[in-house]
Amino acid sequence: MRENGKTILEVDGLKKYYPIRKGFLKRTAGHVKAVDDVRFAVREGETFSLVGESGCGKSTLGRCLLRAVEPTAGHVRFTLRSGETVDVPGLDGNKLKTVRREMQMVFQDPYSSLNPRMTVRQIVAEPLILSGLARGAALEERVAELIEMVGLNKGHLDRYPHAFSGGQRQRIGIARALATNPRFVICDEAVSALDVSVQAQVINLLQDLQRSLGLSYLFISHDLSVIEHISHRIGVMYIGKMVEIGDAEAIFARPLHPYTEALLRSKPAADPNMRKTRFVLQGEAANPADPPSGCPFHPRCPYATGRCKTEKPELAEAEPGRSAACHYAGELRLQGAG
């Protein structure tokens, strides 16, 4: 990561609410707050990771950035290669098409994200054709370059997706995402469907591509081992809200939010001979359609006080470069992954 890198993406007050409709007339009776007033930034050349339990809003947030899902409110300011900064939710069709050349996504499931009726050549060439970036001999040359860039070869180009393993399919998905020469790539659980050994290969590939192409990543995952290996900075989400942001090494060593501590303490030990006290977070995740008053984590928090039940904490800087949405951030001595 470039320590003083410029900001390539700034998210401010992003919300995605899904209406709850009831009755014969299907009137709106409430909302599921999948993403609720999220703020963070991604710097050039870094991997910013999102982590949290299933259903916390990570994937919805990633899709809102690209407007694969239309956000309810908020700003997503993205800096193009030309130096122009645009607010993605407010763009029209033509300008949005320009942004999507520089902002791409690698999807979770390498089996369903590739069209089974298209060859690898057609899959990788499609974004180039739709964007008008290459045709004829230049198109063929670019497709061959991309497929070799991800560790496959030209002999794979006329095969169909069913002929490949999960790891190879994900490499094809990465080649497709890189076709338009993006600056920013969203990796939505990009290795969670793969075997552990294959996960390591794909993660190493992503890091090699980041260094050679100068890419910035938003890496979404629930796997803390993967997050620890690939991340420069981390954002921790709980029922649609960001509860902690900071340097990856600092968060794993000493979290500032009790929910982050709970996640880290649930991480399995890498050493099979190491004895580790089993930790189980009590209770269930709060309902995003009807969150509790005060801090949304307080019903499960072992450190909660009366203030936590009535007063909602805001995400604020607790230490230089680190923010947490906890009334007692910095005061509690929380346990890290070690």
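This is a predicted model: local features need pLDDT of at least 70, side-chain atom pairs count only at pLDDT 80 or more; totals for chains, interfaces and linings use all residues.
The charged end of Arg307 sits over the ring of Tyr328, 5.9 Å from its centre. Here, "over a ring" asks that NZ of Lys or CZ of Arg be within 6 Å of the ring centre and within 35 degrees of the ring normal.

Residues are numbered from 1 along each chain as its sequence is written, and side-chain values use heavy atoms, with hydrogens and water left out.

**Rings that meet**

How many aromatic pairs does a search of the whole structure find? The search finds 5. Rings of Phe, Tyr and Trp (its six-membered ring) pair if their centres lie within 6.5 Å; planes under 30 degrees apart are stacked, over 60 edge-to-face, and the rest tilted.

Take Phe78 and Phe184: their ring centres are 6.2 Å apart and their planes stand at 50 degrees, so this pair is tilted. The two belong to distant parts of the chain, 106 residues apart, with Phe78 in strand 4 (residues 73-79) and Phe184 in strand 7 (residues 184-188). Helices (H or I, at least four residues) and strands (E, at least two) are DSSP runs, numbered from the N terminus. Phe78 is buried, at a relative accessible area of 0%, and Phe184 is buried at 0% as well. Buried means under 20% relative accessible area, exposed over 50%, and partly exposed in between (1.4 Å probe, protein chains only).

Tyr259 and Phe297 make an edge-to-face pair, because their planes are at 65 degrees, with ring centres 5.4 Å apart. Tyr259 lies in helix 9 (residues 258-265), while Phe297 lies 38 residues apart from it, in the loop between helix 9 and helix 10 (306-310). Tyr259 is buried at 0%, and Phe297 is buried at 2%. Together with Tyr238, these two residues form one aromatic cluster.

**Two pockets**

A pocket is found on a 1 Å grid over the protein atoms alone: it is an open set of points where a 1.4 Å probe fits, with protein on both sides within 12 Å along at least five of seven lines, and its lining residues have an atom within 4 Å of a point. Grid points are joined across faces, edges and corners, and the volume is the space filled by probe spheres set on the points.

| Pocket | Volume | Lining residues | Element giving the most |
|---|---|---|---|
| Largest pocket | about 520 Å³ | 19 residues | helix 3, 4 residues |
| Second largest pocket | about 420 Å³ | 26 residues | strand 2, 7 residues |

Nearest the centre of the largest pocket lie Arg100, Met103, Gln104, Pro127 and Leu130. In the second largest pocket, the closest to the centre are Arg39, Met242, Ile245, Leu315 and Ser323.

The lining of the largest pocket divides into 8 nonpolar, 4 polar and 7 charged residues; Ala, Val, Leu, Ile, Met, Phe, Trp, Tyr, Cys and Pro count as nonpolar, Asp, Glu, Lys and Arg as charged, and the others, Gly among them, as polar. For the second largest pocket, the division is 13 nonpolar, 3 polar and 10 charged.

**Helix 3**

Among the buried residues of helix 3 (residues 120-131) are Val120, Ile123 and Pro127. The buried residues of this helix pack against helix 2 (93-102), helix 4 (136-149) and helix 5 (166-178), where contact means heavy atoms within 4.5 Å. Just after helix 3, Gly132 takes a positive phi of about 70 degrees.
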